[in-house]
Amino acid sequence: RNGLLWVYGGYGYDNMPTEQPRSLNDVWTLDPLKKSWRTYTQTADTNQPPPRFNSGACGVHNIALLIYAGEDETGKVFNDTWLYSITKKDWLLLDIPSNKPKPLGRKKYQSWCLHDRFIIFSGMTENSNLLTDMWQFSLRTLEWSQLPLTEPRPDARINAHIWTLGPRSTVLYMYGGKSVSTEERDQKTVFFSDMWSFDLKSRKWNLINQNSDKHYGVIGKQNLANSPGPRASGSSWLHQEDESKLWLFGGEDCADKLSCDTESVLSDLWEFDIKHNQWVWIGGSVALDNPPSFNATKTSKALFPGSRRSCLYFSVQGLAFLFGGWGIDARHKSALLNDMWVITSQHKTYIYTKETQNWLQTFSPGKIFITIFATFACLVISFGLIFCLRKYFENPRDRKAQEFRIVKYSKLKQEASF
């Protein structure tokens with residue numbers, strides 16, 4: 001609404017004194033262009049959702065926000081649907097009758113927000129069982145309905161990367177994600193590297209692209225062998241200037257490819273061209289668990305976010321924004337992050353938004369030239385004004401002395417007497 005990003009809940013810290021992060025239920029707005037946050041506080045007795053994270057959300061332009069399911073820090077999984085009025089700033093719990101269809105409660109599911117519906121796929125129950133179903137919630141009738149699926153279709157998964165080609169698009173895109181087995185004899189995590197599309201008209205899945213191994217290739221060049229590789233929990237945007245290109249940043253992957261007992265976070269940026277079904281490595285580091293670069297140095301002139309997963313991500317007016325997440329901080333430690341980054345579609349350059357100040361640091365060549373030219377022009381104008389107006393700023397005594405020095409004397413003529 002009015003260019004604002006609305007944010008609800010998550011996992012982190014609030015204004016309560018605590019050493020441990022927890023699930024949240026606060027509401028914030030961010031003005032990306034002014035780079036300012038605002039919170040909307042509510043009293044304890046106000047009807048509102050329980051604190052949660054790993055949920056899904058969808059917005060009805062200038063009207064309401066939809067929040068569905070998720071979990072809290074105790075592992076409890078919710079199965080409720082809430083609406084938040086943007087104008088009234090209050091919550092409404094939707095009472096869905098028992099005779100109406102409704103999905104099972106879940107967390108970490110894939111979701112797509114369209115202009116008239118909210119769609120979810122797969123996810124995980126409170127008992128850590130993976131779901132294989134797909135549902136849609138009508139933003140017109142406020143009712144759930146299940147989408148029948150046919151083969152082929154993706155394996156059940158969590159934390160995949162999703163895209164749509166706009167709010168009225170009829171095609172959904174999904175890449176990667178992971179599957180977690182909780183059987184005692186076979187406890188393992190499997191990361192996916194497949195790209196799928198789902199046609200809402202035919203209600204069929206289509207496998208577009210799949211490469212089992214990560215392959216960077218030449219930066220900026222398309223190649224059939226290029227692949228971000230298996231990963232989950234990254235950030236995904238639609239390219240703001242070319243809707244045929246999908247962006248993917250970071251996420252998590254197995255540190256040990258054989259056992260996948262430990263997971264590492266990534267900081268690379270990729271672009272998928274849906275016209276040619278090929279990946280392009282745009283930038284970022286190929287190293288795992290990479291710390292961020294907040295300042296340009298002699299050895300590295302580029303700013304870039306550190307490796308991270310589970311970020312808040314969105315795009316506004318050709319800019320892709322990243323906020324927070326879990327990853328590597330400037331001390332090379334794993335931690336919850338509180339930094340905000342911007343990457344431009346045109347220059348593909350990172351910009352770090354300092355939390356303690358209200359301006360952006362950017363090092364794109366065009367802006368450097370403009371800054372230098374403007375500074376030089378200001379200096380020229382300043383010296384010109386000083387030169388032209390210097391006589392008005394001189395010391396009056398100096399001016400009188402100067403006037404005295406330039407006086408010319410002439411010989412007096414003797415007047416004739418009367």
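The model is predicted, so local features need pLDDT of at least 70 and side-chain atom pairs count only at pLDDT 80 or more, whereas totals for chains, interfaces and linings use all residues. Residues are numbered from 1 along each chain as its sequence is written, and side-chain values use heavy atoms, with hydrogens and water left out.

L266 lies in strand β20 (residues 263–273); strands are DSSP runs of E of at least two residues, numbered from the N terminus. Leaving aside residues up to four places away in sequence, L266 touches, among others, K214, R231, D253, L288 and R308, where contact means heavy atoms within 4.5 Å. G234 is 32 residues from L266 in sequence, and their C-alpha atoms are 8.4 Å apart.

## Aromatic pairs

A search of the whole structure finds 24 aromatic pairs, counted when ring centres of Phe, Tyr or Trp (its six-membered ring) lie within 6.5 Å, with planes under 30 degrees apart called stacked, over 60 edge-to-face and the rest tilted. One of them joins Y68 and Y109, whose ring centres are 5.8 Å apart and whose planes meet at 55°, so the pair is tilted. Because Y68 lies in strand β5 (residues 64–71) and Y109 in the loop between β7 (91–93) and β8 (110–113), the pair ties together parts that are 41 residues apart in sequence. Y68 counts as buried at 0% relative accessibility, and Y109 counts as buried at 9%.

The rings of W196 and W205, with centres 6.3 Å apart and planes at 90°, form an edge-to-face pair. W196 is buried, with a relative accessible area of 6%, and W205 is buried at 5%.

## Nonpolar cores

A nonpolar core is a set of buried Ala, Val, Leu, Ile, Met, Phe, Trp, Tyr and Cys residues joined through side-chain atoms within 4.5 Å. The largest has 15 residues, and those touching the most other members include M134, L172 and W205. Elements that give two or more residues to this core are β9 (117–121), β13 (171–175) and β16 (194–199).

M134 touches residues including W112, I119, F198 and W205, not counting residues up to four places away in sequence. A second, separate core of 14 residues includes C58, L66, F118 and W144.

Methods. Helix = DSSP H or I, 4+ residues; strand = E, 2+ residues; numbered from the N terminus. Buried < 20%, exposed > 50% of the residue type's maximum accessible area, 1.4 Å probe, protein only.
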